Amino acid sequence: MKKIRWGIMGSASIAKRAVIPGIQQSETGEVSAIASRGLEKAQQTAEELKIPTAYGSYEELLADPNIDGVYIPLPNHLHKEWTIRAAEAGKHVLCEKPLAINASEADEMVAACEKAGVVFAEAFMYRYHPRYMMIQEVIQSGEIGELRGIHGTFTFNNAKAKGNVRYKQEWGGGSLYDVGVYPISAARMLLGQEPQAATVHAFFSEEHDHVDMMASGILEFDNGVALTFDCGMWAAFRNTLEILGTEGRIEVPSAFVVNQDQSDNFYVISKDGKREVEVPRLNQYSLQADALGKSILTGEPLPFPATDAISNMKVLDACLTSAKERRRVEI
């Protein structure tokens with residue numbers, strides 16, 4: 001099988017820690033080059049992760065005819081520019097979440113990729129793991145009855161690292177952008193619909209350029225169903241999902257982080273008791289790379305179209321407006 005030759009745009013920690021190894025372990029991809037704003041940093045990462053080629057600029061990477069697609073883990077405010085430039089260079093694009101700063105930017109990015117005829121995806125890696133299909137099968141089976149609500153959390157504490165890009169307001173910093181997008185996208189995926197309104201309360205920290213360091217919210221869906229969620233970057237670590245039905249519930253203790261051990265399993269609690277559902281021990285970053293790789297190689301549609309990212313950004317826009325203006329925002 002021909003392999004997709006990926007170029008990595010930047011040396012972000014998520015790229016080095018998870019995405020690059022995931023691509024290297026995938027069936028359809030290989031990491032052929034990495035670029036940074038300085039050649040020395042790119043060479044250091046290339047040597048560390050056994051990447052054949054290093055470039056000292058993103059332009060050089062896009063000019064390389066031996067690169068088929070690029071992964072963009074740059075700060076959020078740079079996603080639009082470099083996605084569009086990559087598309088114009090004929091490269092397929094995997095872009096980190098959140099896709100953009102707002103839905104309007106996301107719409108421009110999707111349009112540019114469609115015009116260029118390249119595959120484009122937002123890097124919500126958790127969606128590619130089979131356990132979410134397994135969770136949907138439990139819901140559809142009726143075992144937990146009719147859905148009444150979803151509660152999601154994603155918090156961590158990195159507040160001491162005040163120079164982190166997550167704490168720069170103009171760069172798209174804040175917990176809603178960084179981790180709130182996970183429970184939001186999960187609820188939309190599981191319910192198969194878009195929310196009608198958002199109400200969010202947030203803690204904006206003067207110590208961190210006034211970005212939201214903690215946010216709690218509710219999204220209103222059809223039939224009185226809601227997502228309640230909280231997200232934060234100055235709180236104890238957790239990443240959970242609870243799906244509540246009339247006859248039972250599903251608990252996902254590690255909803256978005258996959259450890260490839262038994263902690264990835266989920267639990268179904270119903271009138272028949274509590275059962276643990278064992279899930280395959282798979283690398284969700286490799287699965288994400290293979291979904292894109294198969295789409296590029298065969299023309300098979302992506303499981304999650306790029307337009308889904310526009311819808312997710314519309315919800316995020318509403319959440320941010322609600323948090324800043326302290327009001328309910330219709331979507």
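User: Is His210 buried, partly exposed or exposed?

Analyst: In this predicted model, His210 is partly exposed, with a relative accessible area of 43%. The class follows from the cut-offs, because buried means under 20% and exposed means over 50%, with partly exposed in between.

User: Where does His210 lie, and what is its phi?

Analyst: His210 lies in the loop between strand 8 and strand 9. Its phi is positive, about 65°, although His210 is not a glycine. Asp209 is in the loop between strand 8 (197-204) and strand 9 (212-220) too. Asp209 has a positive phi of about 60° and is likewise not a glycine. Its relative accessible area is 38%, which makes Asp209 partly exposed.

User: Which residue just after helix 2 takes a positive phi?

Analyst: That residue is Lys50, with a phi of about 55°.

User: Which peptide bond is cis?

Analyst: The bond from Lys97 to Pro98 is cis, and its omega is near -15°. Pro98 is found in the loop between strand 5 (92-95) and helix 5 (103-116).

User: How should I read the two sides of a helix?

Analyst: An α-helix has 3.6 residues a turn, so residues three or four places apart point the same way. Now take helix 2, residues 39-49. Ala42, Thr45, Ala46 and Leu49 are buried there. Viewed down the axis of helix 2, the buried residues fall within an arc of 100°, so they line one face of the helix.

User: Which residues of helix 2 are exposed on the other side?

Analyst: Glu40, Gln44, Glu47 and Glu48 are exposed on the other side of helix 2.

User: What covers the buried residues of helix 2?

Analyst: The cover includes helix 1, strand 2 (29-35) and strand 3 (53-55).

User: How is the packing of two helices described?

Analyst: Two packed helices are described by the angle between their axes and the distance between the axes. For helix 1 (residues 13-24) and helix 8 (residues 284-298), the axes come within 7 Å and cross at roughly 55°. Helix 1 is therefore oblique to helix 8. The crossing of helix 1 with helix 8 is right-handed.

User: Which residues make the contact between helix 1 and helix 8?

Analyst: Helix 1 contributes Ile14, Ala18, Val19, Gly22 and Ile23, while helix 8 contributes Tyr285, Ser286 and Ala289. By type, the residues of this contact divide into 6 nonpolar, 2 polar and no charged.

User: Arg17 lies in helix 1 as well. Is Arg17 buried or exposed?

Analyst: Arg17 is exposed, with a relative accessible area of 59%.

User: At what angle do helix 7 and helix 9 pack?

Analyst: Helix 7 (residues 175-191) and helix 9 pack at an angle of about 120°, with their axes 10 Å apart. These two helices are therefore oblique to each other. The reasoning needs one cut-off: angles of 65 to 115 degrees count as roughly perpendicular and those over 145 as roughly antiparallel. The crossing of helix 7 and helix 9 is right-handed.

User: Which residues make the contact of helix 7 with helix 9?

Analyst: From helix 7 come Leu176, Tyr177, Val181, Ile184, Ser185 and Arg188. From helix 9 come Asp308, Ser311, Asn312, Met313, Val315, Leu316, Cys319 and Leu320. The division by type is 9 nonpolar, 3 polar and 2 charged.

User: Ser322 is also placed in helix 9. Is Ser322 buried or exposed?

Analyst: Ser322, in helix 9 (residues 307-325), is buried, with a relative accessible area of 0%. Not counting residues up to four places away in sequence, Ser322 touches Ala198, Thr199, Val200, Arg327, Arg328 and Val329.

User: What is Gly56 in contact with, leaving aside its neighbours within four places in sequence?

Analyst: Gly56 lies in the loop between strand 3 and helix 3 (58-63), and its contacts are Ser36, Arg37, Gly38 and Leu39.

User: How far apart are Gly56 and Gly117 in sequence and in space?

Analyst: Gly56 and Gly117 are 61 residues apart in sequence, and their C-alpha atoms are 27 Å apart in space.

Methods
Residues numbered from 1 in each chain as written. Predicted model: local features only at pLDDT ≥ 70, side-chain atom pairs only at ≥ 80, totals over all residues. Heavy atoms only, no water. Axes fitted to C-alpha atoms, helices over the stretch in contact; angles between N-to-C directions. Helix = DSSP H or I, 4+ residues; strand = E, 2+ residues; numbered from the N terminus. Parallel < 35°, antiparallel > 145°, perpendicular 65-115°, else oblique. Left-handed = near helix turned anticlockwise from the far one by under 90°. Contact = heavy atoms within 4.5 Å. Nonpolar A, V, L, I, M, F, W, Y, C, P; charged D, E, K, R; others polar. Buried < 20%, exposed > 50% of the residue type's maximum accessible area, 1.4 Å probe, protein only. Arc of directions from axis to C-beta.
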